[in-house]
Structures are given as C-alpha cells and as structure tokens.
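Subject: Structure handover

Hi,

Here is the structure for your files. My notes follow below it.

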Amino acid sequence: MLVTAHSNQAVDNLLVGDSTLETPDSGTLHAFAAGREGDADGGLSIARVGGNSKNPVVRREYGTASVANADVVAATTSGAASFDTDEFDVAVVDEATQVSRPATAIVLDSARKLVLSGDHRQLPPYAASEPDADTDRRVSWFETLMDRYGSAVSVLLGRQYRMHEAIASFPNDAFYDGDLETAARNRDWCIDGLEPLVGVDVDGEERPASGESYANPAEADAVVEAIERLLAHGVAPADVGVIAAYRGQVELVRRRLAAVDAADVDRVTVDTVDSFQGGEREAIVVSFVRSNDDGRSGFLERPGVGPRRLNVALTRARKRLVLVGDWTTLSAVGPDRTSSESCAGLYDDLRERLADADRLRDRR
C-alpha cells in the first residue's frame with residue numbers, strides 16, 4: 001500500500017502523529033508497527049520515501065527502510081512519481097482536498113485503486129499567484145468527485161475524536177449539517193479551571209503591515225494574555241498554537257511573545273490559518289485581526305474561501321479554543337459587498353452562539 005500527502009510534514013504526521021522517540025502516538029501507523037496498538041504484534045513494516053523528513057521518529061525508524069519489503073510505503077504526492085504504473089494495489093491520498101488534480105493523478109498512476117481522504121469544507125489546494133481566488137486551480141479532485149457524485153462515491157467518517165463537544169458544536173452545525181458525533185473519550189475533556197470555548201470581543205485598531213497584510217496590537221495583547229493564562233494552568237508551550245488571519249499579526253504576536261518571561265515560550269506555534277490545516281494543539285488562540293468602522297473584513301468575508309478558512313481555525317483545538325476579534329466588524333457586511341457576496345452572517349451566527357452560551361467576554 002502507498003500512503004501519500006501533499007507535503008513532507010503531512011506525510012510525517014500521517015505516519016507518526018505526535019510520537020516521540022520513546023513513545024508512539026496511539027492510533028498512528030507507527031504505533032501499529034511498534035506493536036503498541038490493540039492486538040498488533042509489530043509485524044507491520046513501513047518505509048518512508050524521500051530524504052526531506054525532519055521528524056526524528058520517521059528518520060530513525062523508516063527513513064532507510066526497504067521499499068521493496070515494506071507493507072506500507074509513505075511518500076509525498078510528487079514523490080510518488082518515482083513509482084511505476086500500478087506498482088501498488090492501493091494508494092491513499094490524505095488531506096486530499098489540499099492536493100491539486102495533477103498531483104493526485106501522479107498517485108493514481110501508481111496504484112490500481114485510489115482512496116481519497118479529506119474534507120472539502122476546509123481549505124482547497126494552494127495557488128501562489130492568487131491564494132484567495134475562487135478559480136478552477138483551487139478545486140481538488142476530491143471536491144470535483146463530491147460535487148459530481150456525492151454519497152455515491154463517498155463515506156462520511158461521522159465521529160470526531162479531536163475536540164471537546166463544545167468546540168465541535170458550531171462547526172458541526174455550520175459546515176456538516178449536524179451529522180458529526182463526538183466520541184466519548186474527548187466529549188468532555190478540558191484544561192482544569194478553563195472553559196473549552198470562549199470568545200473575546202476586542203475593540204482594537206487594525207494597522208497596515210507589509211504588503212496587503214494587517215496587524216492589530218490590541219488583539220495581540222489579548223492573545224498574549226490568553227497564552228499566559230494557559231501556561232499558568234500547566235499547559236506546555238508546545239501544546240499551544242496561535243492562528244492569526246494575517247501574516248502581519250503573526251509577526252507581531254511572535255515579537256510580543258518573545259518578551260514574555262516564561263520557560264520555552266518560543267515553542268508556542270504562531271502561524272496563519274493555512275499553515276495550521278491538518279494540525280492540532282491542546283489549546284488554540286485565534287486572532288481575526290480586522291477591526292474598522294467600515295465593517296471591512298477583507299478575505300475573511302469572501303464567500304468562497306472565507307467559510308473554509310474559518311472552519312479550519314475553529315477545528316484545530318482539542319481542549320480549549322479562544323477566539324479573539326472585533327465581532328462588530330466581523331459580523332458586518334462590507335460596504336463593497338451585498339449579503340449574498342459575504343459570509344459575514346456566518347461570523348454573526350458564531351457571535352450569537354458564543355453570547356447565548358455566555359462564552360463571549362468583552363475586552364472593550
């Protein structure tokens with residue numbers, strides 16, 4: 001069997017998840033290969049193709065393994081080009097909605113049967129020239145098949161094992177028609193003393209950063225406060241992620257964090273929504289950045305990619321999700337748009353859900 005993903009990091013996540021050199025992450029292929037999963041006896045053999053893995057577990061265990069003798073071969077979609085036509089019985093493309101159609105075709109050529117695993121309610125393939133444009137280049141093969149054949153070719157994996165039920169509730173209703181079920185093991189898990197979901201309403205002021213990017217100092221302060229609270233409750237910095245809607249805010253939050261007097265605070269991951277697709281953390285803090293009197297939310301408001309980007313941001317946290325933003329701006333239809341050309345109503349629904357559950361805190 002061939003297993004693939006669009007990037008080296010995604011392939012490594014597919015193989016070992018959060019495994020360390022000492023402890024396999026439960027449920028991963030590495031755990032089965034190590035004989036740590038159910039009735040597994042460690043008989044599963046794995047080989048990792050390509051020399052660009054940075055994961056120490058993958059490099060030690062699978063980087064030099066024989067492809068010819070492996071039960072499972074792992075590679076990037078482009079790396080699959082090294083295999084002959086129909087060399088494998090089955091090939092799997094993970095995070096398939098982030099993979100372009102040409103890249104998916106490379107994997108298809110390598111196997112007699114192709115399985116696509118993904119979520120077309122989340123981000124499409126990246127297009128460097130117009131990353132937010134709704135063009136054919138950003139429609140994956142997965143999404144094309146779903147649009148054309150729907151349930152005739154698909155199976156919904158309807159139970160989520162990642163997050164607290166309160167975190168999953170809004171995305172479930174907004175993007176999945178309420179069809180997702182939360183597993184018992186993670187339904188109620190949380191960080192002691194902290195709510196699983198909270199919104200922070202910040203009357204900040206967006207500032208132009210480099211290029212078309214923005215930063216918001218007031219939101220950056222709120223983000224740092226949220227991180228310090230997590231660290232005070234015993235969350236390891238490596239288990240905390242910050243998702244910022246704009247690259248300018250990413251850089252600002254990183255600078256603010258560098259001044260925090262806490263051990264290993266540099267291990268808090270701060271990055272854009274796109275960079276977090278496929279990732280997860282114990283706790284996530286989201287900064288939406290936009291705050292202005294005109295109600296302009298930029299690409300956040302675009303009806304094509306905007307909802308998908310929001311869905312990704314809302315579904316990365318396991319036990320605590322903090323949403324920091326100017327909810328008046330986010331909930332407003334921009335002056336250059338109509339309601340049918342805007343997804344501001346989605347943010348307004350989220351704001352109402354937070355307020356009705358007494359989860360919206362005012363920092364104005």
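Start with Thr104, which lies in helix H4 (residues 101-109). Helices here are DSSP runs of H or I with at least four residues, strands are E runs of at least two, and both are numbered from the N terminus. Thr104 is buried, with a relative accessible area of 1%. Buried means under 20% relative accessible area, exposed over 50%, and partly exposed in between, with a 1.4 Å probe and protein chains only. Leaving aside neighbours within four places in sequence, Thr104 is in contact with Val99, Leu114, Leu116 and Trp141. Contact means heavy atoms within 4.5 Å. The C-alpha of Thr104 is separated by 38 Å from that of Val235, 131 residues apart along the chain.

Some ground rules. This is a predicted model: local features need pLDDT of at least 70, side-chain atom pairs count only at pLDDT 80 or more, and totals for chains, interfaces and linings use all residues. Residues are numbered from 1 along each chain as its sequence is written, and side-chain values use heavy atoms, with hydrogens and water left out.

Now the whole chain. Its secondary structure comes to 12 helices and 15 strands. The radius of gyration is 21 Å, close to the 21 Å that the globule rule gives for 364 residues, so the chain is as compact as a globular protein of that length. That radius is taken over C-alpha atoms, and the rule is 2.2 Å times the number of residues to the power 0.38. The C-alpha trace spans about 60 × 45 × 40 Å along its principal axes. Buried residues make up 48% of the 364. Among contacts between residues at least 6 apart in sequence, 72% join residues at least 24 apart.

Helix H8 (residues 247-258) has 12 residues and reaches 17 Å from first C-alpha to last, close to the 16 Å expected at 1.5 Å a residue. The expected span is 1.5 Å times one less than the number of residues. The buried residues of H8 are Gly248, Gln249, Val250, Leu252, Val253 and Leu257. They pack against strands E10 (214-215), E11 (240-244), E12 (269-272) and E13 (281-287), plus helix H7 (217-232).

Helix H6 (residues 165-175) has its own buried set: Ala166, Ile167, Ala168, Phe170, Pro171, Asn172 and Phe175. Their cover includes strand E14 (317-325), helix H10 (306-314) and helix H12 (344-356). After H6 comes Asp177, with a positive phi near 55°.

Best wishes
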